[in-house]
Amino acid sequence: IFDNDGVNVDSEHVAMGDMDEFGLALVSRYIDLETAGLKEGDIYVEYKGVSSDQIIADLIKKYDLPVDAIREDYNVPDGADLYEFLSDLHTKSVIAKFESGMLETLPGFRETMQQIREQHTVAICTTSRADRMHATVHAKDPDTGENASWGEMFPDQNNLRLSGYGHANKYEHFRSLHPDWTPEETIVVEDTAGSTKKALAAG
């Protein structure tokens, strides 16, 4: 079972670059960036590994941004969660960048995955939203510039391309859908300590 971001695709610089742009635009709409002591790249560096809704919530709190004005300026519907709504705007921007050709797989992804799939069943289990995960089909091979065949490696069927978004433990969610996958015969490929611990907690 493969995590996706940082394992198969080199997505962090695209997603966090967009979050940096989005956060700067949000803060600068209401206060001077120089006064705030905030500059390009600060959000990218400070909030690596933090969910976008949490980043937005922290920026609003940290710089005491006017919530009512934000809701009006960003056309947030009545009753909608402010942080989730703004996070959705950011995520849609990231997806558009993935679709535009900015996303690449890590070097060797295609060849490695082809060899693994000859003998093993492979799956994706990510904390990313499903629409963002599916947008990975546009990822290019960094060496050839051609589509890296991510979609062929992880077909969207039988819950083997799985988003665990909204679940406390994505691997427990995976196991609930795949009771036939024996933990003792399963390898999880991760790039963060937190998700590795969740895999261990799920057995």
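Ring pairs tie Phe2, Phe109, Trp150 and Phe154 together into a cluster. This is a predicted model, and the aromatic pairs in it come to 5. Here's a quick tour of two of those pairs, plus a charge that sits over a ring.

**Phe2 and Phe154**
- The ring centres of Phe2 and Phe154 are 6.1 Å apart and the planes meet at 65 degrees, so this one goes down as edge-to-face, the cut-off for that label being over 60.
- It's a link between distant parts of the chain, with 152 residues separating the two partners.
- Phe2 comes from the segment before α1 (12-28), while Phe154 belongs to the loop between α9 (150-153) and β2 (161-163).
- Both ends are tucked away: Phe2 is buried at a relative accessible area of 11%, and Phe154 is buried too, at 1%.

**Phe109 and Phe154**
- Phe154 also pairs with Phe109, with ring centres 6.4 Å apart and planes at 35 degrees, so call this pair tilted.
- Why tilted? An angle of 35 degrees falls between the limits of under 30 for stacked and over 60 for edge-to-face.
- Phe109 sits in helix α7 (residues 109-117) and Phe154 in the loop between α9 and β2, so the contact ties together parts 45 residues apart in sequence.
- Phe109 is buried, and so is Phe154.

**A charge over a ring**
- Arg29 lies over the face of Tyr74, 5.0 Å from the ring centre.

Methods. Residues are numbered from 1 along each chain as its sequence is written. This is a predicted model: local features need pLDDT of at least 70, side-chain atom pairs count only at pLDDT 80 or more; totals for chains, interfaces and linings use all residues. Side-chain values use heavy atoms; hydrogens and water are left out. Rings of Phe, Tyr and Trp (its six-membered ring) pair if their centres lie within 6.5 Å; planes under 30 degrees apart count as stacked, over 60 as edge-to-face and the rest as tilted. Helices (H or I, at least four residues) and strands (E, at least two) are DSSP runs, numbered from the N terminus. Buried means under 20% relative accessible area, exposed over 50%, partly exposed in between (1.4 Å probe, protein chains only). A charge sits over a ring if NZ of Lys or CZ of Arg is within 6 Å of the ring centre and within 35 degrees of the ring normal.
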